[in-house]
Amino acid sequence: MTDRRPLLPPILLDEGLRLLFPAAAIHGALWPLVWTLIYGLDLPLARDIPVSQWHAHEMIFGTYGMALAGFLTTAVPEWTDTARRRDRDLLVLLWLWLPGRVVGLVGADALAGLAGVTDAAFLLLLSWYIGKPMLERRTTRHLSFPIWCLIFASVEIAIRIAWLMGEHELSGRLLGAALGIFLVFFSLSVARINVVVVNLALDPSGETTPYRPHPGRQNLAAGLVALYLAALLLPQTLAHAFLALAAGAAFFDRLAEWFIGRAALRTEVLGLMLANALAGLGFIVIGLAGLGASVSATTGQHLLSMGSLGLAVISVFVIAGLRHTGRDLTLPWQAHAAMGLMLLAALIRTLPELGFGEVLLGPHYAIGAILWAAAFATWLHGFLPYFLAPSVGPHAHSEAVVADAD
């Protein structure tokens, strides 16, 4: 009998982030390069669905969707003190996620409905994976995460239906709502992640916890983003602009959590802080555009998507990648470089449209996409070897990547 080797190294199936973070990073590194360098920002099989919507969908539901799955399948077992998902459970998520990415790579309009079925199944299964432990523990402490996952799945289904019906104005609004939902995930997550990261920055030994977040800031930004999303369901009025400004102000108010002295300059701390700041700036630009200022709401959306969420995802990849392989937060050069490249990608993509570096207008699309891809590729270069090796040191699974902000 022949010895059949497994398709993937078994250690990648040991925990959600080991398999799903690299999958998200590979998607984030390769797809923009194909679109930019091979297709020239076009898609070969896109006929009716706007190419810009295909690109936005793949960023939100492809790269970020898989990053979300890796984070939640790792974090929820820690929050609920339950067994983590492993092996076949993780592979099912991966196989459900992959068909949509193949369709999105070429913009195959004819297969958009079929890909929507697998993408929706991916998000619904993820909702079950993170909701079941909470039901078992009879806790509502983190129930917002499976609820927002279900909302995210509903928006994905609505986008696919709008595409099939040719309602591209509606699908564009729904993609904006999906982006907002991810900002809610970011806001809820950073309230937990930042507690651990800042305390370790202030005391690397982990023996003391000098930092305590302000309870009033924990859910304020997420709540105001949720109000903004609810307003998107109503006829367009100035209320949308004012709610966007309010959400931006909440993110800026949250910057006070990073007033911790010189420790705020550590890359892992600075990454989360700048992600928060770019979220505030993105909503401010959207709000000003809605009030008639000479800025584009699309620029604000790119500050949110490439800037805030891009930097947040890379930061979580770095922090979780170190802590969940048993390492201290001593960052390798690839971590610093990946965060820097992601920030640079967001700035080059958006600043020329805000009047800074206008000489880059036009090429800034391709340059931003290449830097974005390079950020994920650099992270993969540094962290995939960690994921392929057993955990080391005393921190292996002894401290959560996220913590309850009591």
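# Helices, burial and the core

User: Which residues make up the buried part of α3?

Analyst: L90, L93, L94, W97, G100, R101, V103 and G104 are the buried residues of α3. Buried means under 20% relative accessible area, exposed means over 50%, and partly exposed lies in between (1.4 Å probe, protein chains only). This is a predicted model: local features need pLDDT of at least 70, side-chain atom pairs count only at pLDDT 80 or more, and totals for chains, interfaces and linings use all residues.

User: What covers the buried residues of α3?

Analyst: The cover includes α1 (16-38), α2 (51-80), α4 (112-137) and α5 (144-165).

User: What secondary structure does the chain have?

Analyst: The chain has 12 helices and zero strands. Both are DSSP runs numbered from the N terminus: helices are H or I with at least four residues, strands are E with at least two.

User: What makes D87 stand out, and where does D87 lie?

Analyst: D87 is not a glycine, yet has a positive phi of about 50 degrees. Most residues other than glycine have a negative phi. D87 sits in the loop between α2 and α3.

User: Why is A221 called buried?

Analyst: A221 is called buried because its relative accessible area is 1%. A221 belongs to helix α7 (residues 220-231).

User: What is A221 in contact with beyond its neighbours within four places in sequence?

Analyst: A221 is in contact with S187, A250, F251 and R254. Contact means heavy atoms within 4.5 Å. A221 and F252 are 31 residues apart in sequence, but their C-alpha atoms are 9.2 Å apart in space.

User: Which residues touch the most other members of the largest nonpolar core?

Analyst: L183 and W379 do, in a core of 132 residues. Helix α6 (residues 168-202) gives the most to this core, with 19 residues. A nonpolar core is a set of buried Ala, Val, Leu, Ile, Met, Phe, Trp, Tyr and Cys residues joined through side-chain atoms within 4.5 Å. Neighbours within four places aside, L183 is in contact with V225, F251, A279, F283, L304, S308 and L309.

User: How do you know whether the chain agrees with a compact globule?

Analyst: The radius of gyration is taken over C-alpha atoms, and the globule rule is 2.2 Å times the number of residues to the power 0.38. With 406 residues the rule gives a value near 22 Å; the chain has 20 Å, so the two agree. Buried residues make up 55% of the 406 residues. Among contacts between residues at least 6 apart in sequence, 79% join residues at least 24 apart.

Conventions: Residues are numbered from 1 along each chain as its sequence is written. Side-chain values use heavy atoms; hydrogens and water are left out.
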